[in-house]
Amino acid sequence: MPGTYKVIEVVGTSPVSFAEAVRAAVAEAAHTVRRMEWFEVVEQRGRIAEDKVQEFQVTVKIGFTIER
C-alpha cells in the first residue's frame with residue numbers, strides 16, 4: 001500500500017448497532033471523499049433513554065489517497 005494518505009475523522013450513528021454506525025459514517029463520507037481505502041474505529045459510545053439503548057455512536061478515522 002505505498003503512497004501518501006490523508007485521514008479524516010467522522011462520527012456515525014445508528015439505532016441498530018455499532019457496525020451499522022460505521023457503515024453510515026463511511027457512506028456519508030463517500031458523498032464528498034474519493035479514493036477511500038481504509039477505516040479505523042477509534043471510539044464507541046451510545047445514548048441511553050428510558051433505561052434502554054437508543055443509539056450507537058462511533059468515531060471513525062477514514063484514510064484516502066491524495067490525488068495529484
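## Ground rules and layout

Helices (H or I, at least four residues) and strands (E, at least two) are DSSP runs, numbered from the N terminus. This is a predicted model, in which local features need pLDDT of at least 70 and side-chain atom pairs count only at pLDDT 80 or more, while totals for chains, interfaces and linings use all residues. Residues are numbered from 1 along each chain as its sequence is written, and side-chain values use heavy atoms, leaving out hydrogens and water.

On that basis, the protein has 1 helix and 3 strands. Read from the N terminus, the order is β-α-β-β.

## Overall shape

The radius of gyration (taken over C-alpha atoms) is 14 Å, whereas a compact globule of 68 residues would come out near 11 Å, using the rule of 2.2 Å times the number of residues to the power 0.38. The C-alpha trace spans about 50 × 20 × 15 Å along its principal axes.

Of the contacts (heavy atoms within 4.5 Å) with a separation of 6 or more, 64% join residues 24 or more positions apart.

## The core

Buried residues (under 20% relative accessible area, with exposed over 50% and partly exposed in between, 1.4 Å probe, protein chains only) make up 25% of the 68 residues. A nonpolar core here is a set of buried Ala, Val, Leu, Ile, Met, Phe, Trp, Tyr and Cys residues joined through side-chain atoms within 4.5 Å. The largest one has 7 residues: A21, V22, A25, A29, V58, V60 and I62. Helix 1 (18-29) and strand 3 (52-65) are the elements that each give two or more residues to this core, and helix 1 provides the largest share, with 4.

Setting aside neighbours within four places in sequence, V60 is in contact with I8, E9, V10, V22, A25, F39, E40 and V42.

## Two loop residues with positive phi

Most residues other than glycine have a negative phi. R35 isn't a glycine, yet its phi is positive, at about 60 degrees. R35 sits in the loop between helix 1 and strand 2 (36-49), and its relative accessibility is 47%, so R35 counts as partly exposed.

E50 is another non-glycine with a positive phi, this time about 55 degrees. You'll find E50 in the loop between strand 2 and strand 3. E50 has a relative accessible area of 77%, so E50 counts as exposed.
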